[in-house]
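These are my notebook entries on a single protein chain. I set down below what I looked up, entry by entry.

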Amino acid sequence: MYRINLGFRTCEAINTWKPYPLSTVSCPVDSCSELATIHMMEKALSNTVKDDTYYFVDGNHEFRVGNCLFRLHRSILRMHSIFFQNMFDLPQGSDETSRNLEDDEPMVCDDSPDAFRALCWALYADPLDTGNEREISATNVKKISHIGLLAHKYEFPKIERWIINICGELPSPEVLVAFPLDDLKYFAQVISDCGWTEVKKQFNARIIKAVWQEKDAAAIASASTLRSAIYVADHISDELLRAHVYYYYLASTSWDLYPGERRQKKTALKLDIISKRSAVLPLSSLSETQKLCLFRGFSSLQTVRNLLRHCPVTEPLQCSCEKVQRGIDSCHRGWTSWWLSQLGEFEGSASMDDPIKLLDMMIKKAQKNPPLFSRHHHQATVSNTDGAAVPKDCCAFVVEQLKELKKALEDDLPNYFR
């Protein structure tokens, strides 16, 4: 018997792979430990059962996965798997090694029987059956995850490409987050571990959109969709995804930490005791730790929002304003005046509570509707007939600074929601 415990190592590890027989298992402690180890392994073998579907009598390569025995055809494994092709082609340097590749020496795999059975289905199923698997759903997401995981691990390139194609068009955000949470977390883990970059981008976008576009008032108030998204992000240790779902939840509530209470107040000025008890408790789906992260991020971003009440453009500006005798100081003062005038248009809107959205809108304003600087008073205006257009390089410099500030804020989001 020999083991295979690859994790996610690729075929480079095959050159150093050495099977070891049950009779040569050694322990550095003493011979008693050796005997105990052998006894445990023999006992484990005695408890195994043959798989009902994938233990072929005419098969010639046996696997032990958990307590299940699978007997497959070496020719099929060699045909579809780079890993098994290289393993079977390894020169067998000794009689002992050769003996361990015989039929009665099962290969021990550290996979789950269900996952290995799903891979066998992909290998042996009728093409009509596999052709019916065209999209991810709540009923097949676990099987698709199993197949994708082991196809990547054991290097079945065609099967892995097939799974990636199935995942190429994920369900709508509201359908995706309705999957069983454990299956959703497992699917996210497979995508991450297998390095399917495009699938992961689409998956993250769907999860964020589900939080951002939640329509159900009770789900928004209790933050149930947010909770599922946080658990997925935490499971795959994706801090950026975690920060984005917190951020977009706040954006979906117009930066109101108690959206349920606000809705109740709008519908009725007086609430009796019964209606109060039946109302959805705000953020009731979140743990205390999750609530703390949400509050901390909200508070930190509101601090940034308050800082943006002042023009963030630094001085001196490296532009041609000085060359046309408006002076460095007048240029910066002009942009400061313009910034304050634009903020007045957003006062009272949700954009004022969202620093990233506010910066994005200011960037668009500066690009499409830059200020005109008064020749005499160094003030900004958009309609002053006595004004002079801002030089293009001055406007480009300001826009670039605002873009850099926005990107820095987006990149730093994980630090706000810790």
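Entry 1, a helix crossing. I first looked up the crossing of α14 and α17, which is right-handed (right-handed if the near helix is turned clockwise from the far one by less than a right angle, left-handed if anticlockwise). Helices here are DSSP runs of H or I of at least four residues, strands are runs of E of at least two, and both are numbered from the N terminus. I noted that the model is predicted, that local features need pLDDT of at least 70 and side-chain atom pairs pLDDT 80 or more, whereas totals for chains, interfaces and linings use all residues. Residues are numbered from 1 along each chain as its sequence is written, and side-chain values use heavy atoms, with hydrogens and water left out.

I read an angle of about 70 degrees between α14 (residues 239-252) and α17 (residues 288-307), with the axes 10 Å apart. The two helices are therefore roughly perpendicular (65 to 115 degrees; under 35 is roughly parallel, over 145 roughly antiparallel, the rest oblique). Axes are lines fitted to C-alpha atoms, for helices over the stretch in contact, and angles run from 0 to 180 degrees between N-to-C directions. From α14 the contact takes R242, Y246, Y247, Y249 and L250, and from α17 it takes Q290, C293, L294, F298 and L301; contact means heavy atoms within 4.5 Å. I sorted the residues of this contact by class and found 8 nonpolar, 1 polar and 1 charged. Nonpolar covers Ala, Val, Leu, Ile, Met, Phe, Trp, Tyr, Cys and Pro, charged covers Asp, Glu, Lys and Arg, and polar covers the others, Gly among them.

The axes of α10 and α11 (residues 197-212) come within 9 Å and cross at roughly 145 degrees. I recorded this crossing as left-handed. L184, F187, A188, I191 and S192 of α10 meet V199, K200, F203 and I207 of α11.

Which residues of α8 (residues 157-166) are buried? I found I159, E160, I163 and I166. They lie on the same side of α8, because they cover an arc of only 120 degrees around the axis, taken from the directions from the helix axis to the C-beta atoms. The face turned away from the buried side carries the exposed residues K158 and N165. I listed α5 (113-124), α7 (141-153) and α10 (181-194) among what covers the buried residues of α8.

I82 lies in α3 (residues 82-88) and is partly exposed, at 36% relative accessibility. Setting aside residues up to four places away in sequence, I found I82 touching Y154, E155 and P157. I82 and E155 are 73 residues apart in sequence, yet their C-alpha atoms are 5.5 Å apart.

A223, in the loop between α12 (217-222) and α13 (224-235), has phi near 65 degrees, a positive value in a residue other than glycine. W255, in the loop between α14 and α15 (259-267), has phi near 60 degrees. I noted A223 as buried at 1% relative accessible area, and W255 as buried at 7%.

I counted 21 helices and 8 strands. Of the 418 residues, 46% are buried.

Note on methods: Buried < 20%, exposed > 50% of the residue type's maximum accessible area, 1.4 Å probe, protein only.
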